[in-house]
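Welcome to this guided tour. Open your viewer, switch to a cartoon view, and follow along one selection at a time.

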Amino acid sequence: MSQLFSPYTLRSVTLPNRVVVSPMCQYSATGGLPDQWHLVHLGSRAVGGAGMVMAEASAVEPIGRISPEDTGIWSAEHAQAWRPITAFIKDNGAVPAIQLAHAGRKASTYSPFAPGRGGVADADGGWTPVGPTTEPFSPTYRVPRALTEDEIAGVVAKFAEGARHALAAGFEVVEVHAAHGYLLHEFLSPLSNTRTDGYGGDAERRLRFPVEVVQAVRAAVGEDVPVLVRISASDWTEGGLTEQDSVGIARALVDAGADLVDVSTGGNVPHARITTGPGYQVPFAAAVRAGAGVPTGAVGEITDAHQAERVLVEGAADLVLLARELLRDPYWPVRAAKELGDLGDAVAPPAQYARAY
């Protein structure tokens, strides 16, 4: 059997394979509530054979949404709306996961489907975002309000509450979003965090907020539930976070209670110059895994079955996350399993592929 289609265990949860649906914003919710679109979007990837299906960045409070159309996980009503979706994912052989998120200064922006761009005005359903300082992400985004230390503690509590709602919704894995220029990344990066209080300055103080969030989420979900964290391992900008910084960040987050670090890059400044290409972020996952000695997930232009298998065989990561390729082909895992020899005409398909095979 290939490594890609071997099981992987995190605490009390065993994934049937190492293919993970990366969280992808759908910009299709009303009031943060998922609907039939989300059921079909996520459910089809479960039917298609992914080992874990992760719901999009879901805000832990209303002002934490990227756009007014983002999903949320800040109330019992949201948990109830997610339940049919998690049930369908589990019924079709995959593990349901959710990304707990807060967009910070990148909140209250128009979705890609909206006619406008940049910040959404109050009159159009927008709001004043929050961040480490009052510096906006770009001139077209709204000017944020700087969080006080007491308000930071309040956001930590909201992440913990969101985690409890996620369990009530039927999710079996939670991921803390600390990447892509959203709130926790904004505090991690010296490019956006120029505070001089207990949450800014040196690397240890910039780490404080994300560490407190992970600790609170771990306490909220208990010892059996896996907690992942997505980080941006590089800001791709001089003076920003580097690969070496990410090793220390990953180690601290695992010490705080995380089980695996989902390694992405970029997103914190609009002028970053990112060199992309097939598997362009995999070396960062490999560096974090080797340098920090922690499990990692790799993401970024992974499209081919043999490419995905090499990520695991070469020790770059423990899980492989796909996004756009699974949008193009929800049944990519079944096709990949056949290409790697894990499915064949003479071999009965595993149970999770029975309907898709």
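Two strands pair if DSSP finds at least two bridges between them. Strands (E, at least two residues) and helices (H or I, at least four residues) are DSSP runs, numbered from the N terminus. This is a predicted model, in which local features need pLDDT of at least 70, side-chain atom pairs count only at pLDDT 80 or more, and totals for chains, interfaces and linings use all residues. Residues are numbered from 1 along each chain as its sequence is written, and side-chain values use heavy atoms, with hydrogens and water left out.

**Stop 1**

Angles here run from 0 to 180 degrees between N-to-C directions, and axes are lines fitted to C-alpha atoms, for helices over the stretch in contact.

Contact means heavy atoms within 4.5 Å.

**Stop 2**

Select residues 260-264 for strand 10 and 296-299 for strand 11. The two run parallel and are joined by three bridges. Show Val261, which stands opposite Thr296 of strand 11, then Asp262, whose bridge partner in strand 11 is Gly297.

In a regular strand the side chains alternate between the two faces of the sheet. Buried means under 20% relative accessible area, exposed over 50%, and partly exposed in between (1.4 Å probe, protein chains only).

Move on to strand 12, residues 319-322. Strand 11 pairs with strand 12 in the parallel sense over three bridges, and Ala298 has Val320 as its bridge partner there. Strand 12 also has both faces covered, with Leu319 and Leu321 buried on one side and Val320 and Leu322 buried on the other.

Then bring in strand 3 (19-21). Three bridges pair strand 3 with strand 12 in the parallel sense, and Val21 stands opposite Leu322.

**Stop 2: helices 6 and 7**

Two packed helices are described by the angle between their axes and the distance between the axes. Select helix 6 (residues 243-255) and helix 7 (residues 282-292): their axes come within 9 Å and cross at roughly 55°. That makes helix 6 oblique to helix 7, since angles under 35 degrees count as roughly parallel, over 145 as roughly antiparallel, 65 to 115 as roughly perpendicular and the rest as oblique.

Which residues make the contact? Show Glu243, Ser246, Val247, Ala250 and Arg251 of helix 6 beside Pro283, Phe284, Ala287, Val288, Gly291 and Ala292 of helix 7. They divide into seven nonpolar, two polar and two charged. Here Ala, Val, Leu, Ile, Met, Phe, Trp, Tyr, Cys and Pro count as nonpolar, Asp, Glu, Lys and Arg as charged, and the others, Gly among them, as polar.

Stay on helix 7, where Val282, Phe284, Ala285, Ala287, Val288 and Ala292 are buried. What covers them includes helix 6, strand 10, strand 11 and helix 8 (305-313). Just after helix 7, click Gly293, which takes a positive phi of about 65°.

**Stop 3: helices 3 and 5**

Select helix 3 (residues 149-169) and helix 5 (residues 203-221), which pack at an angle of about 35° with their axes 8 Å apart. The contact of helix 3 with helix 5 has 13 nonpolar, no polar and four charged residues. Among those to show are Phe159 and Arg164 in helix 3 and Phe209 and Glu212 in helix 5.

**Stop 5**

Select Phe5, in the segment before strand 1 (8-10). Is Phe5 buried or exposed? Phe5 is buried, with a relative accessible area of 6%. Phe5 and Asn17 are 12 residues apart in sequence and 4.4 Å apart in space, C-alpha to C-alpha.

Next comes Tyr27, in the loop between strand 3 and helix 1 (36-47). Its phi is near 50°, a positive value in a residue other than glycine.

Finish at Glu301, in the loop between strand 11 and helix 8. Glu301 also has a positive phi, near 55°, and at 40% relative accessibility Glu301 counts as partly exposed.
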